[in-house]
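Good morning, everyone, and thank you for making the time.

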Amino acid sequence: MSEPFVLQRSDDQRWLVHPPQDPYGGGYVYTIATELHELGMTASTIAKIDGLYEPADSTLPGFVERLAADWEGWRGTRTWTSMERQLVIDARHDGRGHVSLGVTLRAAGPDWDDTAWSARAVFVLEAGEELTHFAGDLTHFLRT
C-alpha cells in the first residue's frame with residue numbers, strides 16, 4: 001500500500017495522508033506523513049498517532065466513525081488531536097445536512113509555546129453518505 005488517502009474537494013483543495021509507518025515496531029505508535037494543498041498553499045508534516053492497542057474512541061478512525069454514526073447532527077465542535085498536535089481535526093455539523101471538517105497541520109516536533117507554523121483547510125462534506133464513505137475509506141486505510 002503506497003498510494004495515499006486523498007480527500008479532495010477541487011483541484012485546489014486536497015488533504016493527503018500517506019500510509020502509516022510503525023517506527024518502533026511494536027504497534028503502539030504510528031506515524032503518518034500528511035499534506036494540505038489549497039489555493040497555492042502547500043503544507044506537510046509528520047504526525048504521531050495511536051496504535052493498535054488504544055481504545056477505538058481515542059483514535060483517528062474512531063473519531064471519524066463517530067462523526068459518521070452521528071450524521072444527523074451534534075452541537076458544538078468535535079476535535080481529535082494527534083499525540084504531539086501536528087494534526088488536528090475538528091468537525092462541526094450545521095444542522096442542515098453538512099459537516100465542516102477542519103484539518104490543521106503544524107510543524108513536527110515539540111511546540112511548548114505554540115509558536116510553530118500551522119496551516120488549515122476546511123472541507124465541507126454532505127453529512128450522510130459522503131461523510132460515511134469518507135469515514136469508512138479513511139478507517140480502512142489507517143487500519144490496513
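Which residues in helix 1 are buried? Before I answer, please note that this is a predicted model, in which local features need pLDDT of at least 70 and side-chain atom pairs count only at pLDDT 80 or more, while totals for chains, interfaces and linings use all residues. Residues are numbered from 1 along each chain as its sequence is written, and side-chain values use heavy atoms, with hydrogens and water left out.

The buried residues of helix 1 are Leu60, Pro61, Gly62, Phe63, Val64, Leu67 and Ala68, where buried means under 20% relative accessible area, exposed means over 50% and partly exposed is in between, with a 1.4 Å probe and protein chains only. Helices (H or I, at least four residues) and strands (E, at least two) are DSSP runs, numbered from the N terminus. Because seven of the 10 residues of helix 1 are buried, this helix is largely enclosed by the rest of the structure. The cover over those buried residues includes strand 5 (77-81), strand 6 (87-93), strand 7 (98-106) and helix 2. At the start of helix 1, a side-chain oxygen of Thr59 comes to within 3.1 Å of the backbone nitrogen of Gly62.

Let us now turn to the pair of helices. The axes of helix 1 (residues 60-69) and helix 2 (residues 129-143) come within 9 Å and cross at roughly 165°; axes here are lines fitted to C-alpha atoms, for helices over the stretch in contact, and angles run from 0 to 180 degrees between N-to-C directions. That crossing angle makes helix 1 roughly antiparallel to helix 2, since angles over 145 degrees count as roughly antiparallel, under 35 as roughly parallel, 65 to 115 as roughly perpendicular and the rest as oblique. On the side of helix 1, the contact (heavy atoms within 4.5 Å) is made by residues including Leu60, Val64 and Leu67, and on the side of helix 2 by residues including Leu131, Phe134 and Leu138.

Where does Leu131 sit, and is this residue buried or exposed? Leu131 is found in helix 2, and at 0% relative accessibility it counts as buried. Leaving aside neighbours within four places in sequence, Leu131 is in contact with Leu67, Ala68, Val99, Leu125 and Glu126. Leu131 and Val64 are 67 residues apart in sequence, and their C-alpha atoms are 8.5 Å apart in space.

Next come two loops. Most residues other than glycine have a negative phi. Leu39, however, has a positive phi of about 45° although it is not a glycine; this residue lies in the loop between strand 3 (29-38) and strand 4 (41-50), and Leu39 is exposed, with a relative accessible area of 68%. Arg85 also has a positive phi, near 65°, and is found in the loop between strand 5 and strand 6, where Arg85 is partly exposed at 33% relative accessible area. Met83 is in the loop between strand 5 and strand 6, and is partly exposed at 39%. The contacts of Met83, leaving aside neighbours within four places in sequence, are with Tyr28, Val29, Lys48, Ile49 and Asp50.

Finally, Gln13 belongs to strand 2 (residues 13-17) and is buried, with a relative accessible area of 10%.

Conventions:
Polar contact = N/O pair within 3.5 Å; in protein donor to acceptor, adjacent residues only side chain to side chain.
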